[in-house]
Amino acid sequence: MQMLDLIRRKREGQALAPAEIEAMIQGYTAGTIPDYQMAAFLMAVYFRGLDQEETAALTRAMVASGEQLDWSSIPGVKVDKHSTGGVADTTTLVLAPLVAAAGVPVVKMSGRGLGHTGGTIDKLEAIPGFRVQLSREEMVRQVKEIGLAITAQTGNLVPADGKLYALRDVTATVESRPLIASSVMSKKIAAGAEAIVLDVKVGSGAFMPDLASARELARLMVALGREMGRRAVAVITNMDEPLGMMVGNALEVREAIAVLSDGGPRELREVCLTLGSQMLLLAGAAGSSQEGRRRLETLLAGGQGLDKFRQFIAAQGGDPAVVDRPEFLPRAADQVTVAAPASGYISTVQARLVGEAAMLLGAGRVTKESPVDPAVGIELKKRRGDYVSAGEPLAVFHVNDRTNLEAARERFLAAYTLAAEPPAPQPLVYEIIGD
């Protein structure tokens with residue numbers, strides 16, 4: 001195989017054979033294909049795309065680049081959930097215990113955040129004592145005992161994706177839909193998921209800025225799942241503004257506890273119920289999404305989801321007292337109110353700018369090596385459509401280091417647009433694409 005020929009052909013818009021893509025991924029993972037050639041190929045893909053067969057071949061090759069987990073010894077259908085990323089997106093911390101409480105086993109490998117907010121593992125690490133590194137044997141035993149385990153991704157799982165994503169991140173090719181789809185689905189398949197619910201975000205805080213591109217990505221990932229022998233459903237959800245009212249790791253744990261206590265923000269609860277009902281449906285634990293939703297609502301009202309979260313924290317070495325006493329979670333030294341500069345209806349809240357403001361406070365990481373402060377973040381006081389008076393609090397910043405405080409305040413205020421009339425309502429869930 002001549003890598004130069006593959007680059008040239010893809011640059012010209014020609015399709016590559018599955019065997020060529022497999023050999024290319026093997027060579028890049030092994031180090032025989034240099035970064036500069038793979039970077040050129042990724043840029044050619046960004047502009048020319050990949051067809052369905054090529055994307056499937058890329059996904060298979062990435063799955064085959066590392067270990068593939070098998071959870072067949074755990075009874076029941078193992079359903080995984082993946083979000084394409086957002087701000088104040090605390091759904092995994094709510095869904096994992098809630099779905100497990102419904103009798104569906106949840107065995108999940110999650111990642112750390114890179115960018116404006118923390119990932120699921122960063123949030124769990126905000127719980128004192130919580131262990132995020134579990135062996136495969138520990139995970140199997142724990143899921144059999146309590147129905148739920150979450151661990152950090154290992155370097156042996158889809159190493160090709162790790163190398164490719166790092167390169168995409170520095171070559172402006174992250175937003176390519178076939179590359180996103182193959183990255184997501186290769187990790188879910190290698191991690192042993194038998195059915196997959198995909199939360200595809202669309203809006204100012206998402207990779208997909210418009211509904212048409214989000215729909216195309218959703219359909220592509222569902223089709224990839226089908227080709228790999230998995231059932232998959234994609235739910236397209238709104239990320240024009242932050243989903244919850246808390247942005248930051250310990251703050252988001254507190255908000256997850258609030259939702260599991262049958263409270264919390266309506267928007268976060270609604271998306272969790274929509275995704276969770278699809279998880280139950282794929283697992284065969286509900287005959288319809290409506291039945292699944294009613295069952296989850298009953299579990300929230302009865303406290304079983306909260307009990308499962310408490311059990312889950314204890315099983316992984318964390319302090320379960322935080323469920324009843326959220327003040328035991330890390331707390332920032334200072335709380336700084338950010339006031340509205342003028343009066344009016346909030347017409348837009350750009351989620352990405354809110355997330356970037358939180359990152360400046362220390363809630364996210366600029367590089368993989370950057371530390372994350374679990375205590376800091378932003379507590380929102382208003383949502384899109386609310387009326388705010390000049391001087392009224394828009395948010396409270398939870399701050400330990402004031403170095404970037406003013407920059408964070410400027411970035412945060414830039415996210416807001418005020419108008420004389422309330423904006424038209426937007427849906428939280430745009431569409432559900434099934435297999």
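**Note on the domain contact, buried residues and salt bridges**

1. The protein is divided into three parts, namely domain 1 (3-48), domain 2 (79-325) and domain 3 (331-419). The structure is a predicted model, and the points below should be read with that in mind.

2. The C-alpha centres of domain 1 and domain 2 are 31 Å apart, and the contact between these domains draws on eleven residues from domain 1 and 13 residues from domain 2. The area buried between domain 1 and domain 2 comes to about 1,000 Å², with carbon and sulfur atoms giving 79% of it. On the side of domain 1, the residues that lose the most area to domain 2 are Y28, L42 and Y46, which together account for 52% of what that side buries.

3. Between domain 1 and domain 2 the count of salt bridges is zero, and one residue pair in polar contact is found across this interface, with both residues at pLDDT 80 or more. Helix 2 (18-30) and helix 3 (35-48) are the elements that give two or more residues to the side of domain 1 that touches domain 2, and helix 3 gives the most, with seven residues. By class, that side of domain 1 has eight nonpolar, two polar and one charged residues.

4. M38 lies in helix 3 and counts as buried because its relative accessible area is 1%, which is under the 20% cut-off. Leaving aside neighbours within four places in sequence, M38 is in contact with M3, M24, Y28, I33, L164 and L167. M38 and I25 are 13 residues apart in sequence, and their C-alpha atoms are 9.5 Å apart in space.

5. Helix 1 (residues 3-11) has M3, L6, I7, R9 and K10 as its buried residues, and the cover over these buried residues includes helix 2, helix 3 and helix 4 (52-63). Helix 1 is followed by G13, whose phi is positive, near 85 degrees.

6. Q142, in helix 7 (residues 136-146), is also a buried residue, with a relative accessible area of 6%. Beyond neighbours within four places in sequence, the contacts of Q142 are with L134, G147, L148, A149, F312, A315 and Q316.

7. A search of the whole structure finds 30 salt bridges. One of them joins K123 and E252, whose closest N and O atoms are 3.0 Å apart; this pair links distant parts of the chain, with K123 in helix 6 (residues 120-125) and E252 in helix 11 (residues 249-260), 129 residues apart. Both K123 and E252 are buried.

8. R215 and E431 form another salt bridge, with their closest N and O atoms 2.8 Å apart, and here too distant parts of the chain are linked, as R215 is in helix 10 (residues 211-227) and E431 is in strand 13 (residues 429-433), 216 residues apart. R215 is partly exposed, with a relative accessible area of 23%, and E431 is partly exposed as well, at 22%.

9. The side chains of E297 and R293 meet in a salt bridge at 3.3 Å, N to O. Because E297 and R293 are four residues apart in helix 13 (residues 289-302), about one helical turn separates them. E297 counts as partly exposed at 28% relative accessibility, and R293 counts as partly exposed at 24%. Elsewhere, salt bridges that share partners join E241, R266, E267 and R383 into one network.

Conventions. Residues are numbered from 1 along each chain as its sequence is written. This is a predicted model: local features need pLDDT of at least 70, side-chain atom pairs count only at pLDDT 80 or more; totals for chains, interfaces and linings use all residues. Side-chain values use heavy atoms; hydrogens and water are left out. Domain bounds come from an automatic or database domain assignment. Contact means heavy atoms within 4.5 Å. Buried area is the accessible area (1.4 Å probe) that two parts lose on being put together, summed over both. A salt bridge is a side-chain nitrogen of Lys or Arg within 4 Å of a carboxyl oxygen of Asp or Glu. A polar contact is a pair of N or O atoms within 3.5 Å; within protein, one must be able to donate a hydrogen and the other to accept it, and residues adjacent in sequence count only if both atoms are side-chain atoms. Ala, Val, Leu, Ile, Met, Phe, Trp, Tyr, Cys and Pro count as nonpolar, Asp, Glu, Lys and Arg as charged, and the others, Gly among them, as polar. Buried means under 20% relative accessible area, exposed over 50%, partly exposed in between (1.4 Å probe, protein chains only).
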